[in-house]
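The following explanation leads the reader through selected parts of a protein structure. Please keep the sequence and the model in view while reading.

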Amino acid sequence: MAKAGEVKVIGGWPSPFVMRPRIALNLKGVEYELLEEKFGAKSELLLRSNPVHKKIPVFLHADRPVCESLIIVQYIDETWPSTGPSILPSDPYDRATARFWAAYIDEKWFPSMTGIARAQGEEAKKAAIDQVVEGLFLLEDAFGKISKGKPFFGGDTIGFLDIALGCFLGWLRVTEKTHGLKLLDEAKVPGLAKWAERFCADDAVKGVMPETEKLAEFAKLIMAKFKAPPPQ
Amino acid sequence: MADEVILLDFWPSMFGMRCRIALAEKGVKYEYKEEDLRNKSDLLLRMNPIHKKIPVLVHNGKPVCESLVILHYIDEVWSDKCPLLPSDPYQRAQARFWADYIDKKFYDLGRKLWTTKGEEQEAAKKELIDSLKLLEGELGDKPFYGGEKLGFLDIALVPFYTWFYAYETFGNFSIEAECPKLIAWTKRCLEIENVSKSLVEPQKVYDFVLQLKKALGIE
C-alpha cells in the first residue's frame with residue numbers, strides 16, 4: 001500500500017504521455033501527488049530525476065524515479081498487482097499484441113498526427129492527413145480483433161492499449177477542430193469512435209483528460225512560440 | 001503438442017541476434033529462416049504486414065513482431081528456466097528503460113557513421129560515444145547488466161558489438177579506448193556459448209556494410 005506522499009508524478013496537464021501513468025494510478029486506486037511542470041522551464045527535480053531525456057512524465061515511488069510513460073504504466077501494474085484491474089492482459093500473446101500496437105502508436109501513429117500541424121503546404125498536409133486516417137483504419141481493425149466485442153482493448157475494463165491510444169484523444173480533437181477535419185469518423189471507424197466515448201467517460205480518465213477548448217488554446221500558445229520565421 | 005517456433009531473421013541484424021540469444025538461453029528448438037530483404041517472402045509480408053520487417057517470431061502460426069516485444073514474449077512463455085527480466089518491478093523498469101534508450105539511439109547513430117561524412121558524421125560519432133559511456137556507467141561493477149547472469153539488457157545490447165568494428169572503421173575511432181569496461185563486458189558475454197553462437201563475426205558485418213554502401217551509392 002502506498003504511504004501518503006510516497007507516489008508522485010512529475011508532469012504537465014496538456015501532455016498525453018503524462019496522462020498515461022495518471023490513468024493507471026486511477027485504475028489502481030493509488031493516491032498520488034501531481035507535480036506540475038511549468039511549460040518552457042524544467043525544474044531541478046525533473047532534471048535530476050530524468051537526466052537522460054529530461055522529459056515528463058517521471059514517476060517517483062519513494063523518491064525512486066521511473067521514466068518513459070509506457071514503462072511507468074507497466075511498473076504501476078507490477079507494483080500494485082492485486083489492487084484494481086490488471087492493466088496488461090494475462091496471456092503472453094495478448095500482452096505481445098498490446099505492446100506491439102502501443103509501440104506502433106508511439107513510433108508511427110502519433111508522429112503522423114503531429115505531422116498534420118507541421119506539414120508545409122496543402123499537398124503535404126493532405127499526405128499527412130491520409131497517413132493518420134490509414135493508421136486509424138489499422139487501429140479500427142485491431143480494435144475489432146483485440147476487444148472481441150467487449151467495450152475496451154483491455155476487455156471489460158481499460159487496459160494497456162486503451163491507455164496508450166486513449167491519451168491522444170484530446171490532441172486528436174484539437175487537430176480536428178484546428179484543421180476542420182473529422183478523423184474519428186463514426187462512418188469510417190465506428191468501433192473506435194464509440195470506444196473513444198466510453199474511454200473519455202470512464203472514471204479513471206474523466207479527471208485527467210483535458211478539455212478540448214483549453215488544449216486548443218494551449219496549442220496556439222506553443223505554435224506561436226515555435227513558429228518558423230516568415231520567408232523573406 | 002509440440003511447439004512450432006520459426007524465427008524470420010536476417011543474419012547481420014542486431015535485432016534478430018537478440019531473439020537468437022533469448023531462444024538459445026531458454027533452450028527453445030526453432031527453425032531459423034533467412035530473409036532476403038530485397039525480396040521479402042510471402043510469409044514475412046503475411047506475418048508482419050504493418051512494418052514488413054524482421055525479426056518476427058512465429059509461434060504455432062501466430063506472429064510476434066518487434067525485438068523487445070519478442071524478448072518479453074519468450075521470457076513469459078518459456079518461464080520455467082532462465083528468467084531474462086529481473087523479478088523486482090523497479091529493476092524491470094530500469095532494464096526496460098535502458099533497452100528503450102538503446103533503441104532510440106544506437107541504430108540511427110550507427111547508421112550515420114557509415115552513411116555520412118564530415119560534420120554530420122563527427123556529431124553522430126560524439127553522440128554515439130556519449131551514449132555508450134552512459135550504458136557503460138549503468139553497468140558499474142556488475143559482471144552483467146542482469147547481475148551475476150546474462151539478462152534482458154545484456155541481450156538487448158550485446159548484438160551491437162558485432163557492428164562496432166564497422167562503426168570504428170568508418171568513424172575512425174576506437175570504442176575500446178572510449179569504453180574499456182563495456183568491451184570487457186562484451187568479452188564476458190562472448191564466453192557464454194549461447195551468445196557466441198548467436199552473434200555473427202564483426203568482419204563479416206563490415207564486409208556487408210561495404211557492399212551495402214556500394215549498392216546504395218554511398219561513397
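Helix H1 of chain A (residues 16-28) has 13 residues and reaches 19 Å from its first C-alpha to its last, close to the 18 Å expected at 1.5 Å a residue; the expected span is 1.5 Å times one less than the number of residues. Helices (H or I, at least four residues) and strands (E, at least two) are DSSP runs, numbered from the N terminus. The model is predicted: local features need pLDDT of at least 70, side-chain atom pairs count only at pLDDT 80 or more, and totals for chains, interfaces and linings use all residues. Residues are numbered from 1 along each chain as its sequence is written, chains are lettered from A and ligands numbered from 1 in the order in which they are written, and side-chain values use heavy atoms, leaving out hydrogens and water.

Eleven of the 13 residues of H1(A) are buried, so this helix is largely enclosed by the rest of the structure. Buried means under 20% relative accessible area, exposed over 50%, and partly exposed in between (1.4 Å probe, protein chains only). Among the buried residues are Val18(A), Ile23(A) and Leu27(A). Just after H1(A), Gly29(A) takes a positive phi of about 65°.

In chain B, Asp9(B) is found in strand S1 (residues 5-9). Asp9(B) is buried, with a relative accessible area of 0%. Which residues does Asp9(B) touch, not counting residues up to four places away in sequence? They include Arg20(B), Tyr32(B) and Ile54(B), where contact means heavy atoms within 4.5 Å.
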